[in-house]
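Work through the exercises below with the sequence and the model at hand. Each task is followed by a solution in steps.

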Amino acid sequence: MVTQKHPHKPHQEKENAATTTQQQPPLQSLFSYGHIQWDASILYHVLLLLYIPIGIYLIIVRFVFLFFLLILIIVTPDNFTFPPKVTNFLLIAFGFFVRVHGFKENCDNPTIVCCNHRTTFDVFPFMKLFNFDVLIDKGFFEASFLARKFKKIVGAIPLVRGHDQNDREKDKQVILAHLAKCKRPLLFFAEGWDTNGRVGLMIYQKFLFSLGKPVHPVALDVRVPILPLNPGMLGTSVIKEVLWLFFYPCTIWSLTFLPPQTKRADESEIDFARRAQVATANSLNITPQIILIKMP
């Protein structure tokens, strides 16, 4: 699901999680603060300058394509969904190239798919593989015409995101009821913030590890080929991210499906989430953090 970024940098709060013997990298190193990799060699920056006219052309073409796609989404009935071949065509048209590893071996009839978070557009590579649902704020969902139409592309579970125990229990029951009814897997990005994927993996939020369902961890990697560009950044807006996405020649997404995890009888929700986080970090060869990030 396309998400709005928060403009401020996060601060740290200690979480009662399993300790690690790995040295923790500086928290700020987990994020990208700009789209251009200024530390790249001069040759790559010259290549980027030469590419700019092509990128501007791609922005124009893809916005025209997006305009007609939005018209199609608006005029079709709410229960209409795009066929798989159409979905794959849309992904290619917007520059999404997806590589998949371990899907057949490790993702037979998944219930909850848990993934690390890299960019605003992380949901879309999964469209190549199966239909799924994502969590979305109920107020935003009901107030936005386009958000409701968004269900034609990706299923949505509207939630009232409360902060006390009663609200969280209501959210839990809504999710369980929805999963029991629609039989589609629930996709969520357990870090909460999109990181650069080069240094560390933020601590996983524990809420969806408390549903009593198996969790399928996925290690997500994404890059922009050839050019010295980051695929996402912290503290930006959706429209800026769309402009950069359309500017790229393409984005290459790698999805590695790890073996499903089930909560052990003697394991807490935090430890269960931690185990999935460590498995994902090991697959990406980065450090699992033991720091919980909260909004200031």
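**Exercise 1: Threonine 120**

Threonine 120 is buried, its relative accessible area being 0%; buried means under 20% relative accessible area, exposed over 50% and partly exposed in between, with a 1.4 Å probe and protein chains only. The model is predicted, so local features need pLDDT of at least 70 and side-chain atom pairs count only at pLDDT 80 or more, while totals for chains, interfaces and linings use all residues. Residues are numbered from 1 along each chain as its sequence is written, and side-chain values use heavy atoms, with hydrogens and water left out.

Task: locate threonine 120 in the chain and relate it to valine 238.

Step 1. Threonine 120 lies in the loop between β3 (112-115) and β4 (133-137). Helices (H or I, at least four residues) and strands (E, at least two) are DSSP runs, numbered from the N terminus.

Step 2. Valine 238 is 118 residues from threonine 120 in sequence, yet the C-alpha to C-alpha distance is 7.3 Å.

**Exercise 2: Helix α7**

Task: state which residues of helix α7 are buried and what covers them.

Step 1. Helix α7 spans residues 238-247, and Glu241, Val242, Leu245, Phe246 and Phe247 are buried in it.

Step 2. The cover over these buried residues includes α1 (42-75), β2 (96-101) and β9 (251-257). Contact here means heavy atoms within 4.5 Å.

Step 3. For the whole protein chain, residues 24 or more positions apart make up 80% of the contacts with a separation of 6 or more. Of its 296 residues, 48% count as buried.

**Exercise 3: Positive phi**

Step 1. Isoleucine 226 has a phi near 70°, a positive value in a residue other than glycine.

**Exercise 4: Cysteines**

Task: count the disulfides.

Step 1. A disulfide is a covalent bond between the sulfur atoms of two cysteines. The rule used is a pair of cysteine sulfur atoms within 2.5 Å.

Step 2. The closest cysteine sulfur to that of cysteine 114 belongs to cysteine 115, at 7.4 Å, which is too far for a bond.

Step 3. By this rule the count is zero disulfides.

Step 4. Cysteine 114 is buried at 0% relative accessible area, and cysteine 250 counts as buried at 14% relative accessibility.
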